[in-house]
Every structure is written in C-alpha cells, then in structure tokens.
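I opened my notebook to record what I looked up in one structure.

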Amino acid sequence: MSDVIVFAGTTEGRRICEFLRKYEVSAIACTATEYGKCRIEEGRKLRVLAKRQDEQEMEELFRNENPKLIIDATHPYADIVSCNIRSACSHTDREYFRLLRPALSTDPSCILVESVEEAVAYLKEHPGKALVTTGSKELVKFTDLPKYQERIYARVLPTASVMKSCQDLGFDAAHLIGMQGPFTLELNSAMLEMIGASYLVTKESGKNGGFEEKIEAAKQSGAAVIVIGRPVKETGLSEDEIKRELIRRFEIPVRRELIIAGIGMGGLLQMTGEVDQACQEADLLIGADRMLSAADLYHKPGFVSYRSEEIRDYILQHPEYEKIVLLQSGDVGFYSGAKRLQEVLSSEEGMDIKLLPGISSVVYLCAKQGIPWQDVRMISLHGRECNYVDEVKHHRRVFALTGKDEEIKNICKKFLTYGMKELTITVAGNLSYPDETIISGKPEELLLQKFSALSVLMIENPHAENRRRRGIPDEEFLRDQVPMTKREVRNSSLSHLQLQPDSVVYDIGAGTGSVSIEMALEACQGKVYAIEKNPSAVELLRKNKIRFAVDNLEIIEGTAPEALEELPVPTHAFIGGSSGNLRKILEILLEKNAGIHVVLNAVTLETQAEAVACFRELPFGDPEVVCIQAATSRLAGKSHLMIGQNPVYIFTASGGGIE
C-alpha cells in the first residue's frame, strides 16, 4: 500500500520523489526505463518501479496500491502517457495532479514549429547540418530528409538499446552523441561548433530541461534554433505547489535551512564561491529588488522584500521551500539587515539559520585606494542618526555608507559650515558594476558634481584632532556680557550628569553654551538641546556651536517649560536657569521620562529653597547636594591673589521616587 504514486519522467518528478523519501511518505516512483530508475534513490518508504505501462496496467497498479493521489510528472511532450494516467485515475476514482514544467518565453530569433514533421519539412528547404536534441523516439521522422545520415547529428541517451535503435535507422557512430544531461552552455556550444551545425532542433522543455542553455549556445555558435512547441496547453500545479499540497495532506514537519548571505556590492565577480553555491542550491531567493536582480542568472523563485516581519510571514506561508537564501548587500556583519532577520526568524520552530559573509564596500574601496581598512572609522548614514561631523573631526579617515546625490552635497555643505575646507572626500558610486565611478575632491569642488544614488564616501582629514577631555578653558568660549558657568563648576556638574555617548540631553538656560558644548562633546553620538530665551545668548550659542563644530547641538530659542513640549524624550537634563518655572520644568521632565537624571545648579538662596521643596515633593529619589566654592588666581603686581567665585549648590536626582 502506498499513499502516493509519482510518474517521474522529469527532473521535477525526481525531486518530488526525493522529497517524499526524505520525509518518509509511503510512495512509488514509476519510470519507463531501468535508466530512469537508477536516477532515483530508493529506500525508507520509497519504491521505484521501472516499466512502461499502458492504461490497463496503471489501473491495476492503482487498485493494488490504493494510493491517496497520483502525481503525473512526465515530460511535457509525453502527451500519450499523460492521457493514459488521467484515464486510469478516472476509472479507479483516484485524485490526479499534473506537475507542470513552466514554459519559457521563446527568443524572437527562434524558428517555431508545431511538430517534428514541420521541423523536418523546414530542414528539407534549408541546407546545413543539424544537431537534434529531441530524443530517440522520434528520430525516425528525420530519416525523411535527403542525405539525413550526413546532415543529422542526434544527441540521445547513452543506453545500449537506444544506441542500437538509432544505428538501425542508419545513423553511424560519428553522428550519434550518447550523453545524459544536464548540459551546460559551454558543452552545447562546443558540440555545435564541433559539428559545424547550422541548426539546433529542440523541444521547449523548460528551465530544468536545459532549454535556455541551448538557445544561448546556438547564439554563440551562430546556429539557428528550430523549436518544436508543446503539443497541448495543459493546466496543473507547479513543483512548489505540489510540495505545499503534500505538506498539508500528510502533515509533513518540514525543516527549513535559512542562509543569510552577503552578496557583495552587486557585481557577480565579487560574490564569494560559497554564496554562489548556496544560490544555485536554493529553492527560494529573498531580498530587495536590486539584490534579486543581481541573482537573475540563477532562475530561482524570488520574493522581493527587505522587511524582516514580512519575510518571516512569507516563509511561514510557503513551507514547500526548504532551502532559502536571504540576500543582503555587502557583508552580513556591516550595517546589514542580517541582525534583525536573525532576531525575527530565530524565534520560529523548524528553521536552521546560517550566515555567509560577503565583500563589503569599505573593503572593496580601501583595496581600490590602496589603504588598510583597519585604520578607517566606519559609519552609516542610511536611515540612522550619526554625528558624522564629530567622527570626521576626530579621525583621519572615515568611511560612510550614504545615498543620494543631494544627500552627499548636503554633507559637503555642512563641512563647509564648520570651516572644514581641507577635507578630501572620495565619492564612490556603483561599486563593482560596469559604470563604477570614483571621484575625489574638496567639499567645495564636489558641490559641482553629480553622483549615483548608490554611493559611499571616504573622508580624509589631514588635521584630525584628539578628542578633547572635559574642562575646556573659559577663555576659549565666546562670551561677551552673557553669564557663563565657570570651568570648575562645569566640571563638577558634568561629572554628576554621567552622560553616555548616545545620551539625549536638555540644557535649560544654556547661556553662552559652555555646558551645552561640553555635553555635546561627551554625548558625541547623542543629542543636546540648548534652551535659551535671551537673544544675545542665542547668538553666542550659534557662534560657539560653529567654533567647536558640535553638530549634535540644537539650539531652541524660547522659555522653559513651553519650549520643551515638542522636543524628543530626554535621558538627562541640566538646569542652569529656570526663570522662576522650576517646578513646572521638573514636572514636564518627569512627564517625558519618569526615570530622567537631572542636575540643577542653584546660586541664589531662593532657588536653593525651591529646589529642596521640588525634589522632596515630586517623584524623585533623594537628591545629592554638593556645594562648590572655587577661587582662581589673579596676578597683582608680582603676587598672585585668589579671587573667589560665588558658591554654587549642585543638586543631582533621578526620577523614580515615591510621589
């Protein structure tokens, strides 16, 4: 007794048999010859029956085995066999599935005929040698050609019976090519050139029948292609659809192999051999449109998507795909979507995930420029916040993933804003493609150029600075008559803030911006919002921002708490001035982030008293209070006098206390 009977006369049919064998579904594979049998591995619950069967024999087999369904995976041109299978299914009340080999669009240069007889008739009117690849069964029809023994070269199966039948028709050994496919483009081309063929006669056998390789080989060798069309227009299911139905019917617990593969920049020569092999063996390729376009030569089913959740849902809906390659640009470990894909897919059962590396654009460009990439700072500006001005300011070489022409020009303009005119910027577009371009110049020069949407940057700064430590001397700030937090108090306040590189900070009552500037330097990949109501101070803030090239500092002109309403959620806040609105400011800070970390400087006794009351009454933890009173030296004649500063009370507290 068998659940499934497969008439396996094609590559697709053999794969269906292997699928059934792998998952131990009771099945019989029927082949017409012993040669066909030897190409299917028996075992587990799969048996192979090698015998040409007529309709009556098929009916007897179906009654004896009592299968749940019959799969007709015979050749598209085996129309008589298919007719017998359908009739036998009808007479025995068996469910019938026709596996369709997908038809391919025929090249316009091909000569289309409907039958072997028409192909022979065409050759009668057109002299020249022909390589015939339609099989041995219909070779007898070519004997109608005058001097067929000289004109026809037949490629047939290499079995003794086939070779003998061809010789009986009058074909000698020199005109018989006994070989089993698949045949590569190179092998087809070599055969045509060796024969000196003017024509290649073939059936439209689909991708797995090697049809495309024949067409391309004929083009290369200058032979015309005579294509015999399929005898009937059939309806049925694809190989993948039949697998999906088998999985559903027999509740097959398919286990998928998911390969997340870096394909390099897009040019096929940069794809690693390991990734190439994975694509060749894949059942399905998934990736963004550009990725799938680069993999067109594999002729695999594809799903266009770069969204992790959408990809997961598609895979779950299509269990018939057992080996899936998820294509990623460049390398899977360099600003790739691979990390998110792993997170989303690893939570699903039955999925084995493997990563294959690729050549990244930074490695490729550095090789082109002859520089070691281990010395390069690497950043991405693709859909992510990055303070690239700070990175370039403090590194000799910075590589940046970027994008469109206008974006590159905006980057150049920003460097000019901060006086960084001596940078050398290399814009590399369409790397690895035939239209690859690499252009270098100063920021001002590049404003006159046009760039590809697929570009990366290498930015070289000959005057890169070491990153400044906390404690910029007061005299380096532009100050005028605006009050400024002195270095000694500033240092202590910043140490209590405990900023991280990605902190988001409010500086409320920023004044000249001395605290804002130092916070922006510490939170170099975060954001600092300097809130100031005094127009003179705002102007100084703008000048100091340019002076210290802190692009992550945003100046907000206005009064707190109203000026805070539309700002992003802060992690930290420094309050240097509150204009009598301290309680409201603290309330909105807690509303935005209940766990916010606050440092407040109080100079007047009134502010100190209000701060004590607010921190006691609002949901903050117990504040730490430090009083700083510094004195600095001043030369008086030959002596140094110590000049005292006002005492400053520094309050430090975090949200989370009991209200």
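**Entry 1: the model.** I noted at the start that this is a predicted model.

**Entry 2: helix α1 by itself.** I looked up the length of α1. The helix has 12 residues. From its first C-alpha to its last, α1 reaches 16 Å. That is close to the 16 Å expected at 1.5 Å a residue.

**Entry 3: α1 against α10.** I noted that two packed helices are described by the angle between their axes and the distance between the axes. I looked up both. Helix α1 covers residues 11–22, and helix α10 covers residues 239–250. Their axes come within 11 Å. They cross at roughly 20°. Angles under 35 degrees count as roughly parallel, so α1 is roughly parallel to α10. The crossing of the two helices, α1 and α10, is right-handed.

Which residues make the contact? On the α1 side I listed Glu12, Arg15, Ile16, Phe19 and Leu20. On the α10 side I listed Glu239, Ile242, Lys243, Leu246 and Ile247. I then sorted the residues of this contact by type. Six are nonpolar, four are charged and none is polar.

**Entry 4: what is buried in α1.** I looked up the buried residues of α1. They are Glu12, Gly13, Arg14, Ile16, Cys17, Phe19, Leu20 and Arg21. What covers them? The cover includes the strands β1 (4–8), β2 (27–31), β3 (46–50) and β4 (69–73). Helix α10 is also part of the cover.

**Entry 5: positive phi values.** I looked at the backbone after α1. Glutamate 24 follows this helix, and its phi is positive, near 55°.

Next I turned to arginine 44. It sits in the loop between α2 (34–38) and β3. Is arginine 44 buried or exposed? Exposed means over 50% relative accessible area. Arginine 44 has 54% relative accessibility, so it counts as exposed.

Then I checked glutamine 498. I found this residue in the loop between α19 (487–497) and β22 (504–508). The phi of glutamine 498 is positive, near 55°, and the residue is not a glycine. Glutamine 498 is exposed because its relative accessible area is 54%.

**Entry 6: a cis peptide bond.** Which residues does the cis bond join? I found alanine 560 and proline 561. Omega there is about 10°. Proline 561 lies in the loop between β24 (553–557) and β25 (572–575).

Note on methods: Residues are numbered from 1 along each chain as its sequence is written. This is a predicted model: local features need pLDDT of at least 70, side-chain atom pairs count only at pLDDT 80 or more; totals for chains, interfaces and linings use all residues. Side-chain values use heavy atoms; hydrogens and water are left out. Axes are lines fitted to C-alpha atoms, for helices over the stretch in contact, and angles run from 0 to 180 degrees between N-to-C directions. Helices (H or I, at least four residues) and strands (E, at least two) are DSSP runs, numbered from the N terminus. Angles under 35 degrees count as roughly parallel, over 145 as roughly antiparallel, 65 to 115 as roughly perpendicular and the rest as oblique. A crossing is left-handed if the near helix is turned anticlockwise from the far one by less than a right angle, and right-handed if clockwise. Contact means heavy atoms within 4.5 Å. Ala, Val, Leu, Ile, Met, Phe, Trp, Tyr, Cys and Pro count as nonpolar, Asp, Glu, Lys and Arg as charged, and the others, Gly among them, as polar. The expected span of a helix is 1.5 Å times one less than its number of residues. Buried means under 20% relative accessible area, exposed over 50%, partly exposed in between (1.4 Å probe, protein chains only).
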